[in-house]
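Here is a briefing on how the parts of one protein chain pack together. The model is predicted.

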Amino acid sequence: MAARWKRWIALVGGLMAVAVAVVYALLIEPRRLLVETVEVQLDGWPEDAAAARVVLLADLHAGDRDGRWIKRIVQKTLEQKPEVVLLLGDYHNAVNAGLSMPEEELAALLAPLTAQCPVYYICGNHDQFEQARATRKAFVRHGIQPVEGKDVTLSFNNGRQAVLRGVAHRHEKESAGPMLRRLSRKKLPPTLPLIAATHSPYHSIHSPLWAELTVTGHTHGGQFCWPGGYPIAVREPWTRETARAGLRRSYTGQWLYVSRGLGVSSFPARSFCAPEITLLLLRGSGKALQLRGTRCD
Ligand SMILES: [Fe+2]
């Protein structure tokens, strides 16, 4: 009799634990908003320069009922006193089901950021074709500047400058060869570090973008992780190591940062992978630029 009761207690306890985990993953984790502060030492800047503040917002995946959530993200971003904000793509969510926030509404909600500092954006895989056109129209109207396919010079309060390059999203199965040939840093000032913004880390890991720092989103850090933030499972052609969030060196030695992003796609839940606003504190390494990629084309 006692053994039977023990089995029942174990079963009920197990079911309750699963129910708590599901509720947490669906309702609580996707709305935990964390600020990840990441220090990066850039070659090409002197070691003693004060930090330049750059905020990354990736993978908003704004739904039609996410107005309060976006306002909260904007407020928290402004509290970080950014000198530049980079929007790293995937603004839409469930477009075919009509559940995505209209581009004009999202742009208006993000617009207060432009009163603080320059705001640049690139598109992700959820913002292609007519979504890309509508995003551009709305964002430009609200002062959010497209940087895809462009180089712009960033000037920071520490007196330093860097070049920001927006790189169009490419599907993982597409060859990175032609893109890399276009991405030579041949025409860039030989004294300024290059920061590349692109939606997915895939090509940056396997084929370097010749930037001192590449910033990306797309993988949501795995979205479903073990405690500690390592992805439980990822779809092909990703590996869990590629998809995980955080700062790392590419195999050629440049910095790559992958953001967990702010929204969800496919399944509206997260585990041990809270949404993040990334505050990059850029300082100088004191080392000269190595100017890799100069013979790319
Ligand atoms: Fe995404």
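H3 and H5 are roughly parallel to each other, because their axes cross at roughly 30 degrees and angles under 35 degrees count as roughly parallel. Helix H5 covers residues 130-141, and its axis comes within 8 Å of the axis of H3. H3 also packs with H2, where the axes come within 9 Å.

**H3 with H5**

- H3 passes H5 in a right-handed crossing.
- From H3, the contact is made by Glu103, Glu104 and Ala107.
- From H5, Ala134, Thr135, Ala138, Phe139 and Arg141 take part.
- Sorted by class, this contact holds four nonpolar, one polar and three charged residues.

**H2 with H3**

- Helix H2 spans residues 67-79, and helix H3 spans residues 103-110.
- Their axes cross at roughly 30 degrees.
- H2 is therefore roughly parallel to H3.
- The crossing of H2 and H3 is right-handed.
- On the H2 side, the contact residues are Gly67, Ile70, Lys71 and Val74.
- On the H3 side, Leu106, Leu109 and Leu110 meet them.
- The residues of this contact divide into five nonpolar, one polar and one charged.

**Sheet with E1 to E5 and E12**

- Six strands form an open sheet in the order E1-E12-E2-E3-E4-E5.
- The pairing in this sheet is mixed.
- Strand E1 (34-42) and strand E5 (145-146) are the edge strands, and each pairs on one side only.
- In the sheet order, E12 sits between E1 and E2.
- Which strand pairs with E2 over five bridges? Strand E12 (residues 276-284) does, in the antiparallel sense.
- Strand E2 itself covers residues 52-57.
- Val54 stands opposite Leu280 in E12.

**Sheet with E6 to E11**

- The order E6-E7-E8-E9-E11-E10 describes an open sheet of six strands.
- Here, too, the pairing is mixed.
- The edges are strand E6 (151-155) and strand E10 (246-249), each pairing on one side only.
- On average, neighbouring strands of this sheet are turned by 25 degrees against each other, direction ignored.
- E11 sits between E9 and E10 in the order.
- Strand E11 (residues 255-258) and E10 pair in the antiparallel sense over four bridges.
- Arg249 stands opposite Trp255 in E11.

**Domains**

- The domain assignment of the protein chain gives domain 1 as 1-31 and domain 2 as 33-284.
- How many Å separate the centres of domain 1 and domain 2? The value is 37 Å, taken over C-alpha atoms.
- Five residues of domain 1 are in contact with eight residues of domain 2.
- The side of domain 1 that touches domain 2 has three nonpolar, no polar and two charged residues.

Technical notes: Residues are numbered from 1 along each chain as its sequence is written. This is a predicted model: local features need pLDDT of at least 70, side-chain atom pairs count only at pLDDT 80 or more; totals for chains, interfaces and linings use all residues. Axes are lines fitted to C-alpha atoms, for helices over the stretch in contact, and angles run from 0 to 180 degrees between N-to-C directions. Helices (H or I, at least four residues) and strands (E, at least two) are DSSP runs, numbered from the N terminus. Angles under 35 degrees count as roughly parallel, over 145 as roughly antiparallel, 65 to 115 as roughly perpendicular and the rest as oblique. A crossing is left-handed if the near helix is turned anticlockwise from the far one by less than a right angle, and right-handed if clockwise. Two residues are in contact if their C-beta atoms, placed from the backbone, lie within 7 Å. Ala, Val, Leu, Ile, Met, Phe, Trp, Tyr, Cys and Pro count as nonpolar, Asp, Glu, Lys and Arg as charged, and the others, Gly among them, as polar. Domain bounds come from an automatic or database domain assignment. Two strands pair if DSSP finds at least two bridges between them.
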